Every structure is written in C-alpha cells, then in structure tokens.
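Hi,

Here is the structure I said I would pass on.

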Amino acid sequence: MARPDILKDNLRLPVIGAPLFIISHPPLVLAQCKAGVVGSFPALNARPEAQLDEWLAEITESLASHNAKHPDRPAAPFAVNQIVHRSNTRLQHDLQMCEKYKVPIVISSLGAVPEVNEAVHAYGGIVLHDIINNRHANSAIRKGADGLIAVAAGAGGHAGPLSPFALVQEIREWFDGPLALSGAIANGRSVLAAEAMGADLAYIGTPFIATPEARAVDEYKTMIVESGASDIVYSNYFTGIHGNYLKPSIARSGMDPDDLPQADASKMNFGDNRSGAKAWKDIWGSGQGIGAVKEVRPVAAFVDQLEDEYQSARKALCAGG
C-alpha cells in the first residue's frame, strides 16, 4: 500500500495512538512518540483555546530535543485531531495553531472539509479522516484527505457497526492510499492482523487509557483493567452518535446499561440525558479489546509488549505456525 514517509519513518510499529477526548495531553503524546508510535490528541482537549499554543510548543520542542539527543532512535511524529463539525466554533483558531507549528498529521472527524485539507497541505502536513463506512470514505478522499481511518465495530468511543473485514475490503477495492484500522486492537497480534487485512496501520486507543501518562481518573483505568468485551454497550444515547461505553460507568450514573433509550440521531446532545451524566467525563468510552489489558503500566512498557507480540506473530506465520 502507498504510505507517505511521515507514516513510515521513525515508526517502531505501524501504530497510531488514537486521540482520546479529555484523556490525551502532552505527557501521553510525548510518551507515545518517544516509544516509537504516533501520538495524538484532540485539539479540543486544550482548554481554554489559548492552551493549544502552549501544548504544541511543548510537544514540538520536547520531540526536537529528544531527536537531537537520540539521533539513533528519533521519535515518531505526532497528530492533532480536529473536529470539523459545524458545532466546533474553535476550528479556525485551532487550525491556525496547526499551521503555526506545522503539525505533521491532522486527523479530521465528523465531516470532511476541503478547506481544512488545503490548509494542512499548504504547510506540508497530511490529513487522515475518520470514517465508519465506504460512502464516507469516498467522500473524504474526493474532498482532499490523504488517507483514512476506518473505525470499525468494537472501537472505543464513537464507532461504526461494520466488521473490519467488510470495511477494509470495500475500501481497498478502490483506494490504495494510507489506511489505518480501528476496532478492538489491543495486542501485537491484532496489529499484524490489521496489516494482513489490508490496513497500513493499527489505530489503538483504549489500552493507552490504562497508563500513568493518560489524563484519566484512577477509577477509569481500574475499570478498564477489570472489564472485558461483555462489559461494553453500544449506544447513541449520550451524544446522538453511536459509541461504545463501559457498562459499569453507566450503572454508576444511575442508568440501566441494558435498557438505554435511543437519542435523536440528528442532534449531537452531549450531556443531555435524564441522569445529567456526561459522555466521556462520567460515562466512559472503551473498545471491545479491553480483555487484553491486564494492568495499568507506562506507555513504554505497553509498546514493548506490542512489539514483542507483533514480532512473535510474524515469526510464527513465517514458520507456518
């Protein structure tokens, strides 16, 4: 598959750390990049908006310093997630900050906007766009995105309903560009499986929540460690868009996770539900791959394990095992 240099050079593994709403911040991004995988964060995590300038300065300066000290193992690039939905009144400001710091990778979500792609291309960056079906994928590429992130069934947070086999297969019938796959990928064997299906990179989110570097409360991290795939519910009740959430966090907020109402799919209604509990803050997102997460540990240790599992799986396949 065709991958630009930015998605090949300095990557220890073909992995992007997904931007985690509220949770991703500079310490997590820097740990991911220094461990050899793409680190990312949503621009909206920097609040107030002036903080985005500070975060981008910290990340770019820290990575430049790391690379100067370790020319033999430079850090992976980083990415910023931009919500391009019309409800995001900060988009223009946040995009200008990306231009100022020449953010190498922009991940766009909830709408494909040609002007965003053009702005990123103007300074030499690339745009990867979140999609949940083939129609959205076609639209994103037509509007100028460089690559796609296929958010398949089982992914944490907002996720699509399609099997990764079906989604990747349909996209690869017409698109040979950069493609990342998201959906219950939590170990090195799954990273290799994503490549075997036709993806260039694995997109991993939930396991990075269970790290000291993540900006998540300890109860959230513990709940991920103690839960499995059966503890995930897929619902649009909390935001108007279907997503995967931890059942214990829903029950803790006074609701029955097995009997949630349907929300108005035409509206994004963050926090607008009968309990007053807010998505992401009180209702915690999680992917179905959490059964592989056995403990809270540093990003570097998790990436070490990913690499060991990935290389072992490759050797087993080559040996016919």
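This is a predicted model: local features need pLDDT of at least 70, side-chain atom pairs count only at pLDDT 80 or more; totals for chains, interfaces and linings use all residues.

Let's start with α1 (26-35). This helix is mostly covered, with eight of its ten residues buried. The buried ones are P26, L28, V29, L30, A31, Q32, C33 and A35. What do they pack against? The list has strands β1, β2 and β3 (78-83), along with helices α2, α8 (206-209) and α11 (299-318).

The pairing of α1 with α2 has an angle of about 25 degrees, and the two axes are 10 Å apart. The cut-off for roughly parallel is an angle under 35 degrees, so α1 and α2 count as roughly parallel to each other. Their crossing is right-handed. On the α1 side, the contact uses P26, V29, L30, C33 and K34, and on the α2 side W55, E58, I59, S62, L63 and H66. Sorted by class, that contact of α1 with α2 comes to seven nonpolar, two polar and two charged residues.

Now follow α2 (residues 51-69) to its packing with α3 (residues 91-101). Here the angle is about 25 degrees and the axes are 10 Å apart, which makes α2 roughly parallel to α3. This crossing is right-handed. Which residues meet? From α2 they are L52, D53, L56, A57 and T60, and from α3 they are D94, M97, C98, K100 and Y101. The contact of α2 with α3 has six nonpolar residues, one polar and three charged.

**Helix α4**

In α4 (residues 114-122), V116, N117, A119 and V120 are buried. Looking down the axis of α4, these buried residues sit within an arc of 160 degrees, so they line one face of the helix. G124 follows α4, and its phi is positive, near 100 degrees.

Is H129 buried or exposed? Its relative accessibility is 5%, and the cut-off for buried is under 20%, so H129 counts as buried. Setting aside neighbours within four places in sequence, H129 is in contact with S108, S109, L110, G111, A112, A140, A145, G147, L148 and I149.

The other one is G160, in the loop between β7 (157-158) and α6 (164-172). With a relative accessibility of 2%, G160 counts as buried. Which residues does G160 touch, not counting those up to four places away in sequence? They are I132, V151, A152, A153 and Y234. If you want a distance to check in your viewer, G160 and S139 are 16 Å apart in space, C-alpha to C-alpha, and 21 residues apart in sequence.

As you know, most residues other than glycine have a negative phi, and most peptide bonds are trans.

- R47 and P48 are joined by a cis peptide bond, with omega about 0 degrees. P48 lies in the loop between β2 (39-42) and α2.
- N10 is not a glycine, yet its phi is positive, about 70 degrees. You'll find N10 in the segment before β1 (15-17). Its relative accessible area is 40%, and N10 is partly exposed.
- I22 has a positive phi too, near 75 degrees, in a residue other than glycine. I22 is in the loop between β1 and α1. At 31% relative accessibility, I22 counts as partly exposed.

Cheers

Conventions:
Residues are numbered from 1 along each chain as its sequence is written. Side-chain values use heavy atoms; hydrogens and water are left out. Axes are lines fitted to C-alpha atoms, for helices over the stretch in contact, and angles run from 0 to 180 degrees between N-to-C directions. Helices (H or I, at least four residues) and strands (E, at least two) are DSSP runs, numbered from the N terminus. Angles under 35 degrees count as roughly parallel, over 145 as roughly antiparallel, 65 to 115 as roughly perpendicular and the rest as oblique. A crossing is left-handed if the near helix is turned anticlockwise from the far one by less than a right angle, and right-handed if clockwise. Contact means heavy atoms within 4.5 Å. Ala, Val, Leu, Ile, Met, Phe, Trp, Tyr, Cys and Pro count as nonpolar, Asp, Glu, Lys and Arg as charged, and the others, Gly among them, as polar. Buried means under 20% relative accessible area, exposed over 50%, partly exposed in between (1.4 Å probe, protein chains only). The arc is that of the directions from the helix axis to the C-beta atoms.
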